[in-house]
Amino acid sequence: MTATDIRTAAIARALFAARFGADAVGTWSAPGRVNLIGEHTDYNDGFVLPFAIQHRTHVALAPRTDGRIRVVSTFDEGSVEVALDELDALFPDRRDEVPEWARYPLGVAWALLAASGTDPSTVTGVDLAFASDVPVGAGLSSSAAIEGATAVALADTWDIDPDRVALAKVGRRAENEAVGAPTGIMDQMAALLGRADAAIFLDCRSLEAQVIDLGFAGAGLELVVIDTGVKHSHATGGYGERRAACERGAAALGVPALRDVSVDDLPRLAELVDDVTFRRVRHVVTENQRVLDTVRTLRAQGPTAIGDLLVASHASMRDDFEISVPELDTAVEAALAAGAVGARMTGGGFGGAAIALVAHDQVQAVTDAATTAFEAAGFAAPTIFTVSPSVGAARD
Ligand code: GLA
């Protein structure tokens, strides 16, 4: 564990002791993620290339004897308590009765019991206390970090042994049905399967995952995150609309998902759908190709050669998928002007963070350039830091 992990796990334990008046039996944790490339392709059965980052959410846990689950966190003053056998009545229909942050862990408990066919009366109740150093709303998937940490903690405690893909599906179900955000499975897979120094090349149809060496350090590169501070939520608005447009496009072409559409099919689609739907589809289809090209380029030439693919991905999200915001465009442009190898927004969009692949000795120049560009544009100062590919969810 890093020094930050030790500190955050200690905060979770201290919160547990302060709020529940007893000691936790252990802590578990899961990371946030950065997506290197492959945006809005996951729910189209396509390809993604995320990696887990060193920022993690820790949960302290102890069993209780009355079949109830109680959650507290550093995100919120309140505590939420429900009988395990009431979760089924709560989700999805009555989810509004629970504060939004608590829907993540409670939703995971609900989905894990269902996925494993476990009768709630046969498992122990639990108290859970969360602390996190994954920035919230930054597009770094703080939500999948909570889900992943909860999933491994409960699976251990309840002695059920689903594989990692099953746990990722549990997290996605919690997010889709307990929280109400119509997201794909990329973030949960990254949080559960992450490896040091590597990205996860995921086929979101088969859920087959390959570990791809990134070799950033060997190439003298750093991955810089520029968090714009613009908050977003995928439970409302734009994200769901984009997903609906993709489904319209697939229906017009008579295929199950846009994964089944190639760049060569695009001229035919142009005659079948309106311009907006066409551009949404073009983003997904070309982005899928860019993920494949990135994996091939990483293997053949190493990370220094993927810059143009990152830049093309950003342009496609800005112009075709229309999920960027001025702050993200400014971050990308400033990073490139200051010598970044490549840069793009990462995550679902409408706010959050951009990433830039930068030579080690240019990190300061990129940081200064982004800060100055934000100031000149009248935007609030961004938060800028480097991330490294890290391990997935585990007991601490
Ligand atoms: C969010 C979702 C993911 C994925 C990305 C966009 O992070 O949770 O499932 O769709 O947006 O690539």
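**Salt bridges, a buried helix and an acidic patch**

A salt bridge here is a side-chain nitrogen of Lys or Arg within 4 Å of a carboxyl oxygen of Asp or Glu. This is a predicted model, in which local features need pLDDT of at least 70 and side-chain atom pairs count only at pLDDT 80 or more, while totals for chains, interfaces and linings use all residues. Residues are numbered from 1 along each chain as its sequence is written, and side-chain values use heavy atoms, with hydrogens and water left out.

Both Glu-177 and Arg-173 sit in helix α5, four residues apart, about one turn of the helix. Helices (H or I, at least four residues) and strands (E, at least two) are DSSP runs, numbered from the N terminus. An α-helix has 3.6 residues a turn, so residues three or four places apart point the same way. Glu-177 is partly exposed, at 29% relative accessible area, and Arg-173 is partly exposed too, at 31%. For these terms, buried is under 20% relative accessible area, exposed is over 50%, and partly exposed is in between, with a 1.4 Å probe and protein chains only.

Next, helix α9. Asp-293 and Arg-296 form a salt bridge at 2.5 Å, N to O; both lie in α9, three residues apart. Asp-293 is buried at 18% relative accessibility, whereas Arg-296 is exposed at 52%.

Which residue pairs with Glu-287 in a salt bridge? The partner is Arg-344, at 3.7 Å, N to O. This pair links distant parts of the chain, with Glu-287 in helix α9 (residues 275-301) and Arg-344 in strand β10 (residues 342-345), 57 residues apart. Glu-287 and Arg-344 are both buried.

By this rule there are 23 salt bridges. Arg-64, Asp-66, Arg-68, Arg-70, Glu-81 and Asp-127 are joined in a network of them.

Now helix α6, residues 186-193. Seven of its eight residues are buried, so α6 is largely enclosed by the rest of the structure. The buried residues are Met-186, Asp-187, Gln-188, Met-189, Ala-190, Ala-191 and Leu-192. Among the elements covering them are β1 (26-35), β3 (50-64), α4 (142-157) and α5 (164-179).

Last, the surface. Asp-156, Asp-159, Asp-161 and Asp-163 gather in a patch of negative charge. Such a patch takes residues with over 30% relative accessible area and no salt bridge, like charges being joined within 9 Å. Asp-163 lies in the loop between α4 and α5.

Notes: Contact = heavy atoms within 4.5 Å. Patch = residues over 30% accessible without salt bridge, like charges linked within 9 Å, V, L, I, M, F, W, Y side chains within 5 Å. Areas by Shrake-Rupley, 256 points an atom, 1.4 Å probe, with all protein chains shown as cover. Lys, Arg positive; Asp, Glu negative; His and termini not counted. Charge placed at Lys NZ, Arg CZ, Asp CG, Glu CD.
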